[in-house]
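Subject: Structure for your review

Dear colleague,

Please find below the structure that I am handing over to you.

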Amino acid sequence: MAMQGGFLLPDMAYISVVLSSIKTADDIAKLLREGDVSLEKAETKLKLAELVGVLADAKLELAEVQNLLLDKDKKIMTLGQTLHTRKNVLWESPWYWCVDGGKKDGPFCQQCYDKELKLIRLQDYRNCYWGGVEL
C-alpha cells in the first residue's frame, strides 16, 4: 500500500499479488478439471485445499482494496463539500454568512470558523440586534 495525497491506496505491486493469487487459483482449478483418473484422492484433496486457501486470500485482499477505494471516495466527497462551503462563506464584520444562490444564511461564529472551519450558527438574535450590533 502506498500513500498518495493523504490516501492509502493499493500500489501496482499489491494489485499484482492479488491478481497472481487469482491466476494460481485458476491454474489449480484447470489442473483439477483436466486431470486424469491417475490423480490420487489425497493429491486431489491437497490441490482442492490449496485452491480454497488461495481463493480465500484473494477474496480478503480484494475486500481490503474495495474498502480503501470506498474510504477514498468518502474523503473526496467530504473535500468537495468543504470546498463548496468555503467558496460560499462570506465575512461581513463581525460575522460569517453563507451565501448560496443569492440566499444569505447566518450569522455564524467567527471564532469557530477561523479556528476549526466549523459553521456554528449564533443563537442570541433579538430585535434585529446581535451582541449590541444592529443587523
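A residue is called buried when its relative accessible area is under 20%, exposed when it is over 50%, and partly exposed in between, using a 1.4 Å probe and protein chains only. Asn88 is buried because its relative accessible area is 18%.

This is a predicted model, in which local features need pLDDT of at least 70 and side-chain atom pairs count only at pLDDT 80 or more, while totals for chains, interfaces and linings use all residues. Residues are numbered from 1 along each chain as its sequence is written, and side-chain values use heavy atoms, with hydrogens and water left out.

Overall picture

The protein contains 3 helices and 7 strands; these are DSSP runs numbered from the N terminus, helices being H or I of at least four residues and strands E of at least two. Along the sequence their order is β-β-α-α-β-β-β-α-β-β. Of the 135 residues in the protein, 17% are buried.

Asn88 lies in helix α2 (residues 41-88). Apart from its neighbours within four places in sequence, Asn88 is in contact with Trp97, Cys98, Val99 and Asp100, where contact means heavy atoms within 4.5 Å. Strand β4 (residues 95-100) pairs with strand β5 (residues 103-108) in the antiparallel sense over 4 bridges; pairing requires that DSSP finds at least two bridges between two strands. Asp100 stands opposite Lys103 in β5. The two strands, β4 and β5, form a hairpin with 2 residues between them, and Gly101 in the turn has a positive phi of about 60 degrees.

The core and the cysteines

The largest nonpolar core has 5 residues in all: Val89, Tyr96, Cys98, Phe108 and Tyr113. A nonpolar core is a set of buried Ala, Val, Leu, Ile, Met, Phe, Trp, Tyr and Cys residues joined through side-chain atoms within 4.5 Å. Cys98 counts as buried because its relative accessible area is 16%.

How many disulfides does the structure hold? There are 0 disulfides, a disulfide being a pair of cysteine sulfur atoms within 2.5 Å. Cys112 is in no disulfide, and its nearest cysteine sulfur, that of Cys109, is 3.1 Å away.

Yours sincerely
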